[in-house]
Amino acid sequence: MSDVIRPSRLGPELWDATPGKWNADEDDTLICAHVRQETHDVKSFLFRAQSPRLFRFRPGQFITLELEIDGAVINRCYTISSPPTRPDTLSITVKRHPGGKVSNWLHDNMKPGLKIKALGPSGDFSCTLHAGPRYLFLSGGSGVTPLMSMARTLYELGEDHDVVFVHSARSPRDIIFRHELAMMTYGTSNFRTAFVCEKIGEARDWSAPTGYLSLPLLKSIVPDLAQREIFCCGPEAYMANVRAMLRDAGFDMAHYHEESFSFERQGVRQPEAETVLVGDETPAASFKIEFTRSGRTIDCRPDQFILDAARAAGMRLPFSCSKGVCGTCKSKKLSGQVAMTHGGGIRQREIDAGMILICCSKPLENVTIEK
Amino acid sequence: MQISNELRAMIGRRRPGYSLEAPFYRTKEVFDLDMDVIFGRHWIYVGVEPDIPEPGDYFTVPLGRTSIVVVRDDDMTVRAFHNVCRHRGARLCDGEKGSVGNVVCPYHQWTYDLTGKLIHTEHMGDEFDRSQFSLKTVHVGNIAGLLFICLADEPPADFEQMRQEMEPYILPHRISDCKIAYEEDLIENGNWKFTMENNRECYHCKANHPELTVSLYEFGFGYQPSPENADEVQAFRELIVREHARWESCGLPSVEREFLDSRVTAYRTERLPLDKAGESQTMNSKVACQKLLGDLTQRNLGGLSFWTQPNSWHHFMSDHIVTFSVLPIDPERTLLRTKWLVHKDAVEGRDYDPKQLSEVWHETNKQDGALVERTQIGSQSAAYQPGPYSPYTEELVEKFMSWYFKRLRAETGHETATVSPFAASA
């Protein structure tokens, strides 16, 4: 990566030329153009191509960054937060994740002039593939990014689409793009926003209800829910909650679309046991893991291995390899589903008999373990 | 291994046709020599494929102070390792049988894959070269589902010859399509050679094995002719000729092949008629399992016997298989491991009853164990001296001893010069 200063795009020759379309196969290098602080722990990184290029993609799609961190090459997928209607740049929006290798590296190191490799765009989570008369965008945390790309696109096309954008955040100060979303509501008659905050934090004047998104709350915000094309992105637990809510409401799920943070759920095989998260997100919600012998119940995020959550909660459980090879952490699962990517430390018939390796299992719901 | 001049002299002066001088059955020096040159350098029968039907299944083989673990790996290949962690030597796999993902030492969790490769260690530093600490492998030989191991670096090559010759006999019984219906470990209080001597003759059968002799003819292993038994022996000989012709025509090799002291990997086989109903080694000589083995359709196929030096014998009937493995524990104790196999689709309680299936050999083993103990006790007497084997009924005992001494002499550098004591009578 080098800090090459290019002539400004505003120079008369460059400005008058019509740039070609960006093609990741040929132009696989992006240059950081700008870093914008969105909230206290969220930054947007704007990139441009090495030579003038126009970015054309479907709003909601993602790119894959290839980063070299501490000598190791790491690939991470990030949904694009900018709209294709601002084709000179492309942005991703990243929340700093405690312990997150990539998010922290980006926050601490990425600055204008730095080059990175990028692949894509890819993905089929886009309002352009499911055009409807009315949309409901549901997002949790930094799951806002693909929906922001869609909202910005619909806004800038000037067609006054009917959109309700319901975003869930930890507290008012964690709402990403709050002011830009508000600005879009001023310029249109059919674009509305609603924010659901877990708690008010320091925003004492926050008047909206606090807590988690629920069906009654959603119905009160969007009474015509059933007539809308729904796009949802957020932590797995958040989306599971939304799906359950919509099913309870009798919603026709053919009109429900979601972007998973976990690539496993999209059927993409990961080379490593670790699940790669789009957006390096820390999902807000978590599942309960009950250990019957220890009499402990702990919280475990859907992107977290049960062993890690148990250790973080101060439990001392036997383990060794932490990658599903040795089987030292083998435990009997009494209830609940998990996603396990083991390395040969457990046999299929043991799995069939209800055993799991907690070092490489992530909860898909509340789980009870005999340990 | 260093051996004393006294033992060297004893090996040199062994008198063919006689049992051995007492120290061969009792001393630690001879036992250590046996474990080194007999059990350490020859093919040892240890179990069957149905012991480990699925990947990750293992069984352990106790052999003196050594333990071997036999596993089935993810490619369904059978492998064997010394059951010793390369870290500080802890025993790896417990019990007689089990199932693992990878082989993990319970002490410090050193983890080996099923090919024996060390794949995980903690706290050994970044420079630690795991490739230098794979499990120590043991050779595996497989004859149509009978599993043998050899601890030698270079195992006897004539195993392959035995395999090629024996497979046509055993394959119709299809061991790999069997399950173990019953198994039993019996510790006999005697030297392993007493166990083998006892097995290689039926001199003792009539008086000691009321259950076994329901179906087993005592003539199959040598008999002294006399006017009283001449008709019976002649009838048995004619029966063998007739039955062999019938079985061979069904594609079941039956004729005797005998290399009990003429090869390093020594064996004998023959399909022998059974008495009464002629079907199986049971209390009424009828099948103990209604579902026959492999594609067999006839019940009266007698019993195919297979004896190997130094430590096994096997009986294959139309409905079930019984296999025996002799594993020395110490100079005066021996483990006899017996397994009863039936077709894997046979249903317990409907097609067979494990008790009924196993009772003949369960009783016979107990009786043999008592006989072995009786010899062991007797050999401790100051009055004990080697006694003569019967040239009629104990020829196979002599062949066992002849093989044993040939192997001792070959492996300890003695000249081999043996003459069959029974040459004149043969």
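Author: Contact here means that heavy atoms lie within 4.5 Å. With that cut-off, and leaving aside residues up to four places away in sequence, B:Asp113 touches B:Asn102 and B:Ile119. Please keep in mind throughout that this is a predicted model.

Reader: Where in chain B is B:Asp113 found, and is B:Asp113 buried or exposed?

Author: B:Asp113 is found in the loop that runs between strand 7 (111-112) and strand 8 (118-120) of chain B. Burial is read from the relative accessible area, and a residue counts as buried under 20%; B:Asp113 has 17%, so B:Asp113 is buried.

Reader: What is the secondary structure of chain B, and how many of its residues are buried?

Author: Chain B comes to 10 helices and 17 strands, and buried residues make up 56% of its 426 residues. If one takes the contacts in chain B with a separation of 6 or more, residues 24 or more positions apart account for 67% of them.

Reader: How should I read the cysteines, and which of them form a disulfide?

Author: The idea is to look at the distance between sulfur atoms, for which the cut-off is 2.5 Å. The structure holds 1 disulfide over all chains, and it is formed by B:Cys202 and B:Cys205, whose sulfur atoms are 1.9 Å apart. The torsion about their S-S bond is about -95°, so this disulfide is left-handed. Both partners are buried, B:Cys202 with a relative accessible area of 8% and B:Cys205 with 2%.

Reader: How many aromatic pairs does the structure hold, and what would be an example of a stacked one?

Author: For a pair one reads the distance between ring centres and the angle between planes, and planes under 30 degrees apart count as stacked. Over all chains there are 28 aromatic pairs. In one of them, B:Phe128 and B:Phe133 have ring centres 5.3 Å apart and planes at 20°, so this pair is stacked; B:Phe133 counts as partly exposed, at 26% relative accessibility. B:Trp313 and B:Phe324 form another stacked pair, with 5.0 Å centre to centre and 20° between the planes. Since B:Trp313 lies in strand 15 (residues 312-316) and B:Phe324 in strand 16 (residues 321-330) of chain B, this pair ties together parts that are 11 residues apart in sequence. B:Trp313 counts as buried at 3% relative accessibility, and B:Phe324 counts as buried at 0%.

Reader: Which residues have the most contacts inside the largest nonpolar core?

Author: In soluble globular proteins, nonpolar side chains tend to be buried together. Here the largest nonpolar core has 72 residues, and those with the most contacts inside it are B:Phe24, B:Val70, B:Tyr404 and B:Leu408. Helix 10 (residues 395-412) of chain B gives the most to this core, with 7 residues. Not counting residues up to four places away in sequence, B:Phe24 touches several residues, including B:Leu7, B:Val30, B:Tyr404 and B:Leu408. Apart from this core lies another, of 31 residues, among them B:Phe148 and B:Leu292.

Reader: In chain A, which rings have a charged side chain over them?

Author: One looks for a charged end above the face of a ring, within 6 Å of its centre. The charged end of A:Arg152 sits over the ring of A:Phe177, 4.8 Å from its centre, and A:Lys362 lies over the face of A:Phe305, at 4.8 Å from the ring centre.

How values were computed: Residues are numbered from 1 along each chain as its sequence is written. Chains are lettered from A and ligands numbered from 1 in the order in which they are written. This is a predicted model: local features need pLDDT of at least 70, side-chain atom pairs count only at pLDDT 80 or more; totals for chains, interfaces and linings use all residues. Side-chain values use heavy atoms; hydrogens and water are left out. Buried means under 20% relative accessible area, exposed over 50%, partly exposed in between (1.4 Å probe, protein chains only). Rings of Phe, Tyr and Trp (its six-membered ring) pair if their centres lie within 6.5 Å; planes under 30 degrees apart count as stacked, over 60 as edge-to-face and the rest as tilted. Helices (H or I, at least four residues) and strands (E, at least two) are DSSP runs, numbered from the N terminus. A charge sits over a ring if NZ of Lys or CZ of Arg is within 6 Å of the ring centre and within 35 degrees of the ring normal. A nonpolar core is a set of buried Ala, Val, Leu, Ile, Met, Phe, Trp, Tyr and Cys residues joined through side-chain atoms within 4.5 Å.
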